[in-house]
Amino acid sequence: MASIMGELTVKVIEKWGSDVKARRAIDVNGEFRELSADIIAHTAFGSSFEEGKAIFELQQKQQELLSKILSRFNVPGSKYLPTSENEYRKKLKKTINEGLSQIVKKRIGLTEVANGDRNDNDLLGLMLAANSEVLDEREKILRMGLDELIEECKTFFFAGHETTATLLTFMFLLLGTHLEWQERLRDEVYEACGKAQLPTVDSLNYLKLVGMVMNETLRLYPPAVMLRREATTDIKLGDTLIPAGTVVGLPILAWHQDEQYWGVDAKDFHPERFEEGIAKACKVPGAYLPFSLGPRNCIGQQFAYIEAKMVVATILQRYRFRLSPEYVHSPITVLTLRPQFGVPIYFEELV
Ligand code: HEM
């Protein structure tokens, strides 16, 4: 999986060649969104990645539409009216489900007829393998149907694509303005991974400074700025009663930048705070939750760490970079956080 991440990153870098030579700025937000979509399509669907990516692109349209709907006042029941927007929404959903259903059915067919011709190491293969093992009565009940498998594929793309792209984008914004940190990270990458060869998962484990900058980026720019939880029973929090059925918003971004938890430099880029790990960085460790906490926390956290380290290390090996003066700072939330006007970066090839 990690080698695919590295190979896809190199492909993207090669595509930048003419812009770099002509000293044109590159919007890394667009590039990282495409790269993370490619990575998740390959790791989720293996050899069927092209079909998977086409479906993911439709899912992206669905996300943008949902964000638009959520940001305006909606009359209850209006989603059932035969408006052109509602028709488009339904059509998108149908096309996505049919496309994914075909990929899954094709793979089930391959699994049954030609064992040697399938790739079980991708996410879909692993899900199908786990799904076909019926060990006892309890597991039989847990088996997923086609609809559930399709929903899982959609969740993985939705949850694992924009989020990692946001992390990478803001990391480049910060490293493109804190050039001394960029140099420190590059030295670390050279030492752990060498100057030219693709980093391995083992070598990524030695990238402590890269990990600190990643944690600090997720603190300042958490891709999920707000989480919601519904109280299933009446709950007392201090003196406040939260009645069952109440939806409570958890303001992650506000907690991540609160001086009472982080100190007076709460709004500044200061990766050293993570030198001794996450638990020691904050006065209240539960106030740092870019991946949420508890039983529904992020299942893809390690995947995201490996992906981000691989992309950053591969680029640092080859390029020095700085933020373009054209950059306009205006982060917005379109379900996840993103820079409204992109992040233009000038790259310079290292010889
Ligand atoms: C920097 C990258 C990422 C961030 C910041 C992030 C953040 C989160 C957060 C905050 C949640 C909890 C949502 C909630 O409770 O409402 C979540 C859930 C989830 N994430 Fe991630 N995520 C990232 C990358 C990924 C990746 C790469 C994958 C998949 C490969 C992934 C898969 C999931 C899934 C499947 C869930 C739902 C878990 C459940 O409901 O049980 N995430 N993520």
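I call a residue buried under 20% relative accessible area, exposed over 50% and partly exposed in between, using a 1.4 Å probe and protein chains only. This is a predicted model, where I need pLDDT of at least 70 for local features and 80 or more for side-chain atom pairs, while totals for chains, interfaces and linings use all residues. Residues are numbered from 1 along each chain as its sequence is written, and side-chain values use heavy atoms, with hydrogens and water left out.

**Cysteines.** I looked up C193 and found it buried, at 6% relative accessible area. C298 is partly exposed, at 31%. Counting cysteine sulfur pairs within 2.5 Å as disulfides, I got 0.

**Iron.** Which protein atom is the donor to the ligand's iron? I took N, O and S atoms within 2.8 Å of the metal (3.2 Å for Na, K and Ca); water is not among the atoms, so sites may look incomplete. The only protein donor is SG of C298, at 2.3 Å. C298 sits in the loop between α14 (278-281) and α15 (301-318); helices are DSSP runs of H or I, at least four residues, and strands are E runs of at least two, numbered from the N terminus.

A polar side-chain atom of R229 is 2.6 Å from a ligand oxygen, and R296 puts a side-chain N or O atom 2.7 Å from an oxygen of the ligand. A polar backbone atom of A159 lies 3.4 Å from a ligand nitrogen.

**Shell.** With a heavy-atom cut-off of within 4 Å, I have 22 residues around the ligand. α7 gives the most, with 4 residues.

Key
Polar contact = N/O pair within 3.5 Å; in protein donor to acceptor, adjacent residues only side chain to side chain.
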